[in-house]
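Please keep the sequence and the coordinates in view while reading.

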Amino acid sequence: MESDLLREQISNMRQSLFVEEILEYQFLQLEQLQDNENPNFLQEIMTLYFRESPKTIAIIDQALEEHFNFPGLYKYLHQLKGSSASIGANKVTKEINQALECFKEGDIQGCKGAVQRLKQEHNILRNRLQSYFQLLRQIKIC
């Protein structure tokens, strides 16, 4: 009974991540790579993403504050875009695209605003996925 309730809660939480467009299809593809031989594959990928992406975000933030470092900033925005898109972080990727567009136009204030929004979306993604994986761990215990 309790595990049925937990499974429903997990299902609803997962669905809301897609309905709210926080995640997209790439996340589903990563889920499908998980199997009995590697049952924690998805969580390991997400752990790696959340270990590395804040470092890249900090570099981007610093580049925007110190100077509008065109070559370096562009490189790090694309690096973050690639890693975010590869896990299906839809809203984060959208804000990175917005930052890149502002960057191309030379709009430093627009770029700074997009980076602030991407940081917010990144935090939302991390918090929501932490809750999701916590529930998944609970179901394994039951």
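Which residues of the largest nonpolar core touch the most other members? In this predicted model, the core comprises 37 residues, and those with the most contacts to other members are Met-46, Tyr-49, Leu-73, Leu-125 and Leu-129. At least two residues of this core come from each of helix 1 (2-19), helix 2, helix 3, helix 4 (70-87), helix 5 (90-105) and helix 6 (108-141). The most is given by helix 6, which supplies 10 residues.

Helix 2 (residues 25-32) packs against helix 3 (residues 41-66) at an angle of about 130 degrees, and their axes lie 8 Å apart. From helix 2, the residues Phe-27, Leu-30 and Glu-31 take part in the contact, and they meet Phe-41, Leu-42, Ile-45 and Met-46 of helix 3. Sorted by class, this contact of helix 2 with helix 3 contains 6 nonpolar residues, 1 charged residue and no polar residues.

Attention may now turn to helix 6, where His-122 is found. Is His-122 buried or exposed? His-122 has a relative accessible area of 3% and is therefore buried, since the limit for that term is under 20%. Apart from neighbours within four places in sequence, His-122 is in contact with Tyr-49, Phe-50, Ser-53, Pro-54, Ile-57 and Val-92.

Methods: Residues are numbered from 1 along each chain as its sequence is written. This is a predicted model: local features need pLDDT of at least 70, side-chain atom pairs count only at pLDDT 80 or more; totals for chains, interfaces and linings use all residues. Side-chain values use heavy atoms; hydrogens and water are left out. Axes are lines fitted to C-alpha atoms, for helices over the stretch in contact, and angles run from 0 to 180 degrees between N-to-C directions. Helices (H or I, at least four residues) and strands (E, at least two) are DSSP runs, numbered from the N terminus. Contact means heavy atoms within 4.5 Å. Ala, Val, Leu, Ile, Met, Phe, Trp, Tyr, Cys and Pro count as nonpolar, Asp, Glu, Lys and Arg as charged, and the others, Gly among them, as polar. A nonpolar core is a set of buried Ala, Val, Leu, Ile, Met, Phe, Trp, Tyr and Cys residues joined through side-chain atoms within 4.5 Å. Buried means under 20% relative accessible area, exposed over 50%, partly exposed in between (1.4 Å probe, protein chains only).
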